[in-house]
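Visitor: I am new to this structure and would like a close, careful look at one part of it.

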Amino acid sequence: ASFRIVNAGGSEAVWGFFTEQGAPVKLGVSDKLTVSLTFELQGFPANGQDVRFGVLDSLGTRTTANLTGGMNHTSFTGDPGYGMQFYPSGTGDAFVLSRRANLTSGNVFNTFADFTVITSGATERPARKNLLASVPYTLTYSIERLSANETRITAAVEGEYSYSVVESSATPQTSFDYFGFRVTGAAFADEFRFSRVLVDYTPAPPIITSQPQPANLTVQVGSDVTMAAGAAGSRITYQWNKDGQPIAAAANPTAATPTLSLTNVQLSAAGLYTL
């Protein structure tokens, strides 16, 4: 997809939704969301600045129509999320990472005064380095919940820059359903192009909280047996196995639950059970 900025005469933006309406990605503790896109710029009339990017939640007010004035519409009012400024030219720091604080504007990236800059837990901030025209670069933006009150934000441009911060907040932003990408002004670049967009949700690995007790069972033929385990995490599924082979849910509906129930056991039921 290509966008001619000089034809519009000013800053231009695109946005993309990556979930179904009303079903944003919701990050629990240790969950991670990464949005990456490959872009290239054409022409640098004044080698100006900058690129603005964010991962936000539309709260159900999704706009898919082309808009006059870039990413400027009442539907963007109230959309919370995290953003960044990327300066690939001039002197100074290359990245500013932040959280959208002023939710009353419909022009998300019009001014970064609407964002609160995050500086705690910062890694060394890279210096600016001019991008080259017609060269593809991959921008990666990650949001990772470290704890109930800490969120790590990481931005990187492949082969050039990487920077991360940690936001400490009792009310972290945890739901997202779209990204926005804005090139500031025709004085910066004539055109920008996208060749690839990837959104990756990585849930926290499950944690086993309890094991079946007792670990070994000896019972009479004809008895009923129950084995239970506990786990915590996101989107957990369960599968009980006997001697390394999955127990079919059609044969035993409890085989796909945390608690396996065996009724009227026979000698053939003896074996090693794992979850």
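Visitor: Which residue stands opposite threonine 116 in E8?

Guide: It is arginine 99 that stands opposite threonine 116 in E8. Before going on, please note that this is a predicted model, in which local features need pLDDT of at least 70 and side-chain atom pairs count only at pLDDT 80 or more, while totals for chains, interfaces and linings use all residues. Residues are numbered from 1 along each chain as its sequence is written, and side-chain values use heavy atoms, with hydrogens and water left out.

Strand E7 (residues 95–100) runs antiparallel to E8 and is joined to it by three bridges; a strand is a DSSP run of at least two residues, numbered from the N terminus, and two strands pair if DSSP finds at least two bridges between them. Both belong to an open, antiparallel sheet of six strands, in the order E2-E13-E5-E6-E7-E8. Strand E2 (12–17) and strand E8 (115–117) are at the edges with a single partner strand each, so one side of each has no neighbour in the sheet.

Within this sheet, the loop between strand E5 (51–56) and strand E6 (81–86) holds serine 58, and leucine 59 is also placed in the loop between E5 and E6. Serine 58 counts as buried because its relative accessibility is 1%, whereas leucine 59 is exposed at 54% (buried is under 20% relative accessible area, exposed over 50%, partly exposed in between, with a 1.4 Å probe and protein chains only). Leucine 59 also has a positive phi of about 55°, although it is not a glycine.

Definitions and conventions: Helices (H or I, at least four residues) and strands (E, at least two) are DSSP runs, numbered from the N terminus.
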